[in-house]
Amino acid sequence: MTKPSLPELLHAAVTAVGGTERPGQAAMAEAVAEAVDDNAHLLVQAGTGTGKSLGYLVPALAHGERVVVATATLALQRQLVERDLPRTVDALHPLLRRRPQFAMLKGRSNYLCLHRLHEGVPQEEEEGLFDQFEAAAPSSKLGQDLLRLRDWSDETETGDRDDLTPGVSDRAWAQISVSSRECLGAGKCAYGAECFAEQARERAKLADVVVTNHALLAIDAIEGAPVLPQHEVLIVDEAHELVSRVTGVATGELTPGQVNRAVRRAAKLVNEKAADALQTASEGFERVMELALPGRLEEVPEDLGYALLALRDAARTVISALGATRDKSVQDEDAVRKQALASVETIHGVAERITQGSEYDVVWYERHDRFGASVRVAPLSVSGLLREKLFADRSVVLTSATLKLGGDFNGVGASLGLAPEGTAGDDIPQWKGLDVGSPFDYPKQGILYVARHLATPGREGSRTDMLDELAELVEAAGGRTLGLFSSMRAAQAAADELRGRLEKPILLQGEETLGELIKNFAADPETCLFGTLSLWQGVDVPGASCQLVVMDRIPFPRPDDPLMSARQKAVEEAGGNGFMAVAATHAALLMAQGAGRLVRATGDKGVVAVLDPRLANARYGSYLRASLPDFWYTTDGNQARRSLAAIDAAAKANDQ
């Protein structure tokens, strides 16, 4: 029997999921197959509606070697495992004459821990463990969540937190889950044979396709202890998110509360001298942090340096002592010891990293209204790490609707550690960029309106001209507005102002869960939804409920953002343009994501309105506009309002 061709396989898969074959999807599938066969690297920009999941799944399944697919969001993970993969495997089975297996794998803390559930949680103030189910009042929210978790533990097959609906609070979940550092290990644990996390790993070892998330991919790359099974192909979906997720995993943090918890956990398990030293170091660190002011620390201040050295040394002594002392009064000592060790090792690791003062790290103080001050350390760049760990020994395909910024892939490529496309040389990963376009006719479906006449937004102060413009646009659109704001304060001010002026429901992020807000926004066309960062990339509302997307200003990083400003400065010191490489790239990515909220289906029409004149007037404006979908462009407010009114009238006529 002849081997089925890629177009045949793609046709079968698209038919099975009830989709429509698109030229962009076919071009993507061919390019992915070629990259995988040649053990090469590929960056693919595939616009909304291309069907990119099948564009990479079909060639990956046809290839026959193990593939890891890493995504940024829970929603896409679920879509792949619950919808796309089962249907695709069923459709390809008769043609491939084999049935590829697939599995989901997440970090250990995403799975219910049977040891925690049955034996209790290590208690810090007293020895041993306590039964969290008895300790929580059954009438409290925490108590109800815990009882529901106990019932669920008897029926769940996966123990995966995301399979529990409705979900529970982070506080409740923390009572019945462990991090990888706190885990006893399957060999030592009485529940090792039934462990949900271990079962997930075993399923992943047997699967042809393993679906995971960016965070676990980063842990696998950074920590050197392999979590993912051996694989020949890595596909990173939502790849525009990868750098920030890897940075998050590589960031260390110390807070006085966290250090105090470690002291309490270790106190019962080590000799008095070691416990006292850690307690004294903890108190010294707390005194320094009381005076901490937010901002970057170009050099570690003397008082913080001393406090961290004391913490590091005391933590090292405790780590050595934890192995030697046995306290007969402590119940289930292995679990208590493992949790204490995990806490103290984290403190030792972060304190040592900051005191070593690497030129490749950025250190800063942060203040949080609820949690007080913290000191944080993050890599100045993760590009070297990604180049070394990601692109060696396997073919890597990175895909997203937004990878091409300012007209090419080199900006995103550089953030991933890749030299400009086409650069030759030993030890330089070779890659190709491909833009397969979008099935949407952007110039006919959307307008990009820039309010050129408004005042340039300043750092502070109210923008009354912007609020007037916003009210007029929302009125013309008949509601139907997604407002994307650069800060929560700006979103709140706009919601307050428009609630007083217009008779349209205005939903505000934070007043309800995000899922509930999006559902209510989609259900009523007159409703508007205002919010900040997660709305720029998390909203998928096709149809008449979202016909106006407003951005209040270009979303440059804040000038006082320690990590972004340090990265910008580093580029400038190396002779580059720090503003374009860091701030403009960050803004372009967010704006491309935000503008992508408008057209989600072939029948969608509307306006993206940017209420920041710099997009039209500033030198970098053309770079930012080149990163957006190819909408029809205007700076005429009357034109934008007339178009919105016509779209609103057509939508109302259609409803009737």
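Predicted model: local features only at pLDDT ≥ 70, side-chain atom pairs only at ≥ 80, totals over all residues.
Local features require pLDDT of at least 70, and side-chain atom pairs count only at pLDDT 80 or more, while totals for chains, interfaces and linings use all residues. Residues are numbered from 1 along each chain as its sequence is written, and side-chain values use heavy atoms, with hydrogens and water left out.

The whole structure was searched for disulfides (pairs of cysteine sulfur atoms within 2.5 Å). Cysteine 183 is buried, with a relative accessible area of 15%. Buried denotes under 20% relative accessible area (1.4 Å probe, protein chains only). For cysteine 528, the closest cysteine sulfur is that of cysteine 546, at 9.9 Å, again too far for a bond. Cysteine 528 is buried at 0% relative accessibility.

Helix H10 spans residues 214-222 and helix H11 residues 242-249. Helices are DSSP runs (H or I, at least four residues) numbered from the N terminus. The two pack at about 55°, with axes 9 Å apart. Axes are lines fitted to C-alpha atoms over the stretch in contact, and angles run from 0 to 180 degrees between N-to-C directions. Contact (heavy atoms within 4.5 Å) involves His214, Ala215, Leu217, Ala218, Ile219 and Ile222 of H10. H11 contributes Leu242, Arg245, Val246 and Val249.

How values were computed. Buried < 20%, exposed > 50% of the residue type's maximum accessible area, 1.4 Å probe, protein only.
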